[in-house]
Amino acid sequence: MSHLDFDMLSPEGLENPWEFLGRIQEEDPIFWSDIQQAWLITKLDDVRAAFLDKRLSSQRLDFYLRQFEGDLKTACPLFMRHAPLIVGFIDAPDHSRIRALVVRAFSKPVVDRMRAAGIRIIEDMLALCERERDIDFASRLSYELPTLLIMAIFDFPLEHRQKFDQLAEDIRNTLGSSRPTFAAMLALEKSMAVVFDILSGLIEEATANPSDNLLSQLVQAHNDGDRLSRDELLTLCLAIVAGGVDTTAAAISLFTRWIAADPALLEEVRRSPEAASKLVDELLRYPGQSKSNTRVASESFEWRGKQIRKGDFVFLMQNAANTDAEAWDRPLEIDVGRSTRNAVPFGHGAHHCIGAMLAKMELTELLHRFFTRFDVEVQEDKAVLQQSYIFIGYKNLPIRVTPRHV
């Protein structure tokens, strides 16, 4: 095993992956990891190219499911029917077709309309912080804004909040996990059945009586006569929950910890919403909530002298690419004055996250308002990172808030 190899889920790999990735980037930027049993692509230009490379397929569900062999076909028929339709797990032309139908639903005017709803949710969160003062920010609050905003976007009835939360948790324990268990897959199957039943009724209502919510827009979306099928609609809702809740919640907890520990960042985030927005752009680069995106080689090919074999798993290491010393000076420092235009926190090309503008709006509004209203002390000894190959976030982040008199 190479001296460069490291376990991405070890305590050291979770807390400071850049120490390991920096060495790999310098010595062997297209690196075979025996521990992960996958290639690690670490240079910015290579990661951006890999996102566009048709030899690297998004059809990678086997990465999550290979340990279960054929058992899921019998035990989880709903999952097995919808999983191949998840937009992040399919290639062109199907991916291009679905994206063309969906992308307008997350345009800037739509995000601007959602801002007021987001601010109302944030103000309720801040009121809870003021009442309780001591709170686990990660487990209790970081999911509140993205969850309620996605529910509002779909006009999903608040009476079903617990069912929505359960679906998001079950997605997190399966598609968001490095090692999902069979029990977790069974739980996801059950949650999908419950929420899909509710969504089916909402889809029927949106078809009969269209409104301006996202679900109605998706039902009515068309492109040269093409529309989303019912299964595609349901699966797309699942993908939006998975992408819109977990990654944003991870960024909220991660950025909160970093800002609370740095007086310069505190000054910046409090200065103005515009300054907070620039800070969010830089924090998305480093430390960045996105660790990696996975692909599978659809054919054998040689890349920079390395033989990639058909079926090999490939990690596009976004947190390495976004700290590439050839792309940025002092990459492991936060500098709000730098350009982050080429960074890849939301992917690149056709698989660039369609919800990126919504996530940035949520992060900017929450962090500016939260740190303007409170001084925040993080209980560092009780902070626990999520075990994930996909994103950096906290399972637990206990904090104490003190209202500021400004």
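Student: Phe-370 and Phe-371: are they buried or exposed?
Tutor: Both Phe-370 and Phe-371 are buried; the term means under 20% relative accessible area, with exposed over 50% and partly exposed in between (1.4 Å probe, protein chains only). The model is predicted: local features need pLDDT of at least 70, side-chain atom pairs count only at pLDDT 80 or more, and totals for chains, interfaces and linings use all residues. Numbering starts from 1 along each chain as its sequence is written, and side-chain values use heavy atoms, with hydrogens and water left out.

Student: What makes the rings of Phe-370 and Phe-371 a pair, and why is it called edge-to-face?
Tutor: Rings of Phe, Tyr and Trp (its six-membered ring) pair if their centres lie within 6.5 Å; planes under 30 degrees apart count as stacked, over 60 as edge-to-face and the rest as tilted. By this rule there are eleven aromatic pairs. For Phe-370 and Phe-371 the centres are 5.1 Å apart and the planes stand at 70 degrees, so the pair is edge-to-face. Ring pairs also join Phe-370 and Phe-371 with Phe-137 and Phe-374 into a cluster.

Student: What is the strand order of the open sheet of three strands?
Tutor: The order is 4-12-9, with antiparallel pairing. Strand 4 (134-136) and strand 9 (374-378) are the edge strands, each pairing on one side only. From one strand to the next the twist averages 30 degrees. Strands here are DSSP runs of E with at least two residues, helices are runs of H or I with at least four, and both are numbered from the N terminus.

Student: How do you know that strand 9 and strand 12 pair?
Tutor: Two strands pair if DSSP finds at least two bridges between them. Strand 9 and strand 12 (residues 398-403) have five bridges in the antiparallel sense, and therefore meet that criterion. Asp-375, for example, stands opposite Thr-402 in strand 12.

Student: Which strands does helix 18 lie across?
Tutor: Helix 18 (residues 356-373) lies across strand 9 and strand 12, at about 95 degrees to strand 9. Such angles run from 0 to 180 degrees between N-to-C directions, with axes fitted to C-alpha atoms, for helices over the stretch in contact. Helix 8 (residues 108-132) lies across strand 4, strand 9 and strand 12, running at about 130 degrees to strand 4.

Student: Why are strand 1 and strand 3 said to stand at the edges?
Tutor: The sheet in question is open, with five strands in the order 1-2-8-5-3 and mixed pairing. Strand 1 and strand 3 each have a single partner strand, so one side of each lacks a neighbour in the sheet.

Student: Why is strand 8 called largely enclosed?
Tutor: Five of the five residues of strand 8 are buried, so the rest of the structure largely encloses this strand. Phe-313, Phe-315 and Met-317 point one way, and Val-314 and Leu-316 the other. In general, the side chains of a regular strand alternate between the two faces of the sheet.

Student: How do you know that the buried residues of helix 2 line one face?
Tutor: In helix 2 (residues 17-27), the buried residues are Pro-17, Trp-18, Phe-20, Leu-21, Ile-24 and Gln-25. Down the helix axis they fall within an arc of 160 degrees, so they line one face; the arc is that of the directions from the helix axis to the C-beta atoms. Their cover includes strand 8 (313-317) and helix 14 (230-260).

Student: Why does Gln-25 count as buried?
Tutor: Its relative accessibility is 10%, so Gln-25 counts as buried. Leaving aside neighbours within four places in sequence, the contacts of Gln-25 (heavy atoms within 4.5 Å) include Thr-42, Lys-43 and Asp-324.

Student: By class, which residues make up the contact of helix 14 with helix 15?
Tutor: Trp-258, Ile-259 and Ala-260 in helix 14 meet Leu-265, Leu-266 and Val-269 in helix 15. This contact has six nonpolar, no polar and no charged residues; Ala, Val, Leu, Ile, Met, Phe, Trp, Tyr, Cys and Pro count as nonpolar, Asp, Glu, Lys and Arg as charged, and the others, Gly among them, as polar. The two helices pack at an angle of about 115 degrees, their axes 7 Å apart.
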